[in-house]
Amino acid sequence: MPRFDPRTYKKRIILSWNEFAPKYHSEWASKEIGPFKSTSKLITISGIKKGDFVLDLACGTGVVTKKISSKIGFSGKVVGVDISPGPIKIAKKWNTKKNVKFFVIDAEKIKFDKEFDAVTCQYGLMFFPNVQLVLRKVRKFLKSDGKITVVVHGSKKTAPYFSCISNAVLKFIPEFLPLGTPTVHRFGTKNLLKKEFEKAGFKKIKVYEFNFKYNPGTFQDYWRDYFTNLTTPLKRKFKSLNSSQFIAMKKMTEKNTKKFTKNGKVIFPWRVLILTAVNPKKLSD
Ligand SMILES: C[S@@+](CC[C@H](N)C(=O)[O-])C[C@H]1O[C@@H](n2cnc3c(N)ncnc32)[C@H](O)[C@@H]1O
């Protein structure tokens, strides 16, 4: 079984997001459907206001960045950063206001000599191999009393869109991902999420819970979508299965989705957690 290696993982993340970004943007993020109803909630909860200087971490195709740029007006500034050039290219295309700037950079390597009023990060935190490193860096350029607002997916149980398939995939291909690879559910409970921020020294931590729904269509639609959306490096891994194993894996997935299926349609519950925390004191280098 291969072991998790952050450098190889990041290379795969970049390849995957470069490939997946156009579909992610046009079919989900920009439509604000299912879990992406969080984008508006984040803006409200963050309290970002006119004139603020904001950093949007792991900004992807810029859906959060765009809302921030409207909120802060011309006297404010927002900087969006992401490790993958593909999403940033899309973000630049539709974020044309003068108060927005984008950079391709790994969140674990960010460095700014300016001070931000606020930091946001929607559905990015779980991808960082060393979250503590990122949070400590954030504390160096988020002003004292500045606020960070983070959005993450719930647990396997409360946001089962991913796990209905991935539980079956891992049964048939245990080495699908190297042992220790970060999962999207990594901070999927209030307690886990809160603890990570406490550990990094943030204060006044609050976690809000939202329960959205997402309907991918029928089971067939869900199944087809999964394979269409799989990026090339992951698609290759299915070549190790023979056809009867593949059929059995599909059957197992269908069984997993049964309890979310009504009148032929799969409707997934989708818990989303939004955390806010305050930097008690700007850290020095
Ligand atoms: C699910 S998308 C979220 C994008 C955007 N925040 C949104 O809400 O639509 C996750 C993004 O995290 C980025 N990402 C993953 N690891 C990263 C890292 N180490 N540093 C910066 N960005 C990273 C990916 O490239 C991808 O664009």
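Of the 18 residues around the ligand, the ones that come nearest are Tyr24, Ala58, Asp82, Ser84 and Ala107. Keep in mind that this is a predicted model.

I'll stay with the ligand for a moment. Sorted by class, its shell holds 13 nonpolar, three polar and two charged residues. Helix 1 supplies the largest share of that shell, three residues.

The side chain of Asp82 has an N or O atom 2.6 Å from an oxygen atom of the ligand. As for area, the ligand taken alone exposes 600 Å², and the protein buries 98% of that.

Next, helix 1 again, residues 6-28. Helix 1 packs with helix 4, residues 85-94, at an angle of about 35°, and the axes are 6 Å apart. On the helix 1 side the contact uses Ile14, Trp17, Asn18, Ala21, Pro22 and His25; on the helix 4 side, Pro85, Gly86, Pro87, Ile90 and Trp94. Those residues divide into eight nonpolar, three polar and no charged.

Last item: Thr120, in strand 4, residues 116-122. Is Thr120 buried or exposed? Its relative accessible area is 0%, so Thr120 is buried, the cut-off being under 20%. The Thr120 side chain makes a polar contact of 2.8 Å with the side chain of Asp56. Leaving out residues up to four places away in sequence, Thr120 also touches others, including Leu42, Ile48, Val64, Ile68 and Thr149.

Technical notes:
Residues are numbered from 1 along each chain as its sequence is written. This is a predicted model: local features need pLDDT of at least 70, side-chain atom pairs count only at pLDDT 80 or more; totals for chains, interfaces and linings use all residues. Side-chain values use heavy atoms; hydrogens and water are left out. Axes are lines fitted to C-alpha atoms, for helices over the stretch in contact, and angles run from 0 to 180 degrees between N-to-C directions. Helices (H or I, at least four residues) and strands (E, at least two) are DSSP runs, numbered from the N terminus. Contact means heavy atoms within 4.5 Å. Ala, Val, Leu, Ile, Met, Phe, Trp, Tyr, Cys and Pro count as nonpolar, Asp, Glu, Lys and Arg as charged, and the others, Gly among them, as polar. Buried means under 20% relative accessible area, exposed over 50%, partly exposed in between (1.4 Å probe, protein chains only). A polar contact is a pair of N or O atoms within 3.5 Å; within protein, one must be able to donate a hydrogen and the other to accept it, and residues adjacent in sequence count only if both atoms are side-chain atoms. A residue is near a molecule or strand if one of its heavy atoms lies within 4 Å of it. Accessible areas come from the Shrake-Rupley method with a 1.4 Å probe; for residues, only the protein chains shown count as cover.
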